[in-house]
Amino acid sequence: MTDQPAEMTCRELVELVTEYLEGTLPPAERARFEAHLRECDGCTTYLEQMRQLIAALGRLAEEAIPEEARRRLLQAFRDWKGTE
Amino acid sequence: MTGPARLYQSDEELVAALRRREESAFAELIDRYHGPMLRLAMTQLHDRAHAEEIVQEAWLGVLQGIDRFEARSSLRTWMFHILLNIARTRRHRERRTVPFSALEGAGDDAPGPSVDPARFLSGDHPRWPHHWATPPQRWGPSPEERLLSRETQAVMERTIAALPDTQRAVITLRDLQGVTSAEAARLLGITEGHLRVLLHRARSKVRRALEAYFGDRQP
């Protein structure tokens with residue numbers, strides 16, 4: 001069996017997705033990755049799903065600071081300011 | 001973050017205003033970053049009350065250090081750094097120390113494939129070895145919109161909450177907060193290579209959870 005089969009398989013690709021998106025795949029590997037994508041709807045969808053979920057994670061709602069905690073912190077600010 | 005318009009448009013403005021002791025700057029800082037700070041604290045300490053305490057401590061640390069902040073990193077990264085230091089001290093005190101050298105691998109789980117192997121054809125398939133047997137399906141005509149719904153956000157939140165600690169910290173910093181890999185690795189005291197491995201596992205889990213969730217529903 002050769003070290004670098006000419007065509008990347010889907011099973012290989014799904015394990016390389018993160019490195020691909022990080023831009024850390026070596027050039028030859030990246031070329032194989034992209035060549036496979038051009039031929040494979042399944043992997044194209046998989047990569048798309050990864051991109052979509054990453055974007056969605058970036059939009060997850062954040063908790064607002066509870067009023068009591070906010071009040072205490074602003075008081076702490078005044079104390080800190082006052083001690084100078 | 002929805003809410004009142006920001007008074008301060010940049011780190012520089014915020015820092016300058018804090019150095020002038022303007023309370024509105026601190027108010028904006030806590031409004032903007034309380035959520036992210038609490039999330040990060042929860043990746044370090046499981047107890048929510050403890051997490052809230054260290055966030056409060058971190059805010060005080062921010063005030064005490066603001067005059068010395070050198071802007072070598074962003075304000076947010078610097079605040080995260082303060083928080084993570086406090087968390088480390090707290091964990092140490094609570095006798096849950098993991099020596100730094102052993103951090104790689106702590107808060108992680110056993111490695112496994114990102115996709116169920118049954119989804120692929122076997123290696124001795126005559127035409128398509130290791131290719132999809134059951135390829136993934138698009139998540140509807142508008143997946144981006146679908147992923148914004150409260151239900152899917154809840155699926156993502158639950159999956160993240162169930163991640164091993166370090167995977168949770170990594171995906172929180174990288175994907176929820178948009179911290180760069182270099183900064184996230186530095187904050188967590190791990191190599192970028194290890195960070196990528198953890199990120200890969202965490203994202204794969206979220207994808208699987210979403211796929212399972214969408215699988216039973218109409219697009």
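Glu62(A) is partly exposed, with a relative accessible area of 32% (partly exposed lies between buried, under 20%, and exposed, over 50%; 1.4 Å probe, protein chains only). Glu62(A) forms a salt bridge with Arg39(B), the closest N and O atoms being 3.2 Å apart (a side-chain nitrogen of Lys or Arg within 4 Å of a carboxyl oxygen of Asp or Glu). Arg39(B) lies in helix H2 of chain B and Glu62(A) in a loop of chain A, so the pair joins two chains. Arg39(B) is buried, at 16%.

The model is predicted: local features need pLDDT of at least 70, side-chain atom pairs count only at pLDDT 80 or more, and totals for chains, interfaces and linings use all residues. Residues are numbered from 1 along each chain as its sequence is written, and side-chain values use heavy atoms, without hydrogens and water.

**Interface**
- The contact (heavy atoms within 4.5 Å) takes 57 residues from chain B and 48 residues from chain A.
- Six salt bridges are counted between chain B and chain A.
- One of them pairs Arg174(B) with Glu22(A) at 2.5 Å, N to O.

**Within chain A**
- A salt bridge joins Glu12(A) and Arg32(A), with closest N and O atoms 3.4 Å apart.
- Glu12(A) is in helix H1 and Arg32(A) in helix H2, 20 residues apart (helices are DSSP runs of H or I, at least four residues, numbered from the N terminus).
- Glu12(A) is partly exposed at 28%, whereas Arg32(A) is buried at 11%.
- Glu12(A), Glu29(A) and Arg32(A) are linked in a network of salt bridges.

Terms used
Chains are lettered from A and ligands numbered from 1 in the order in which they are written.
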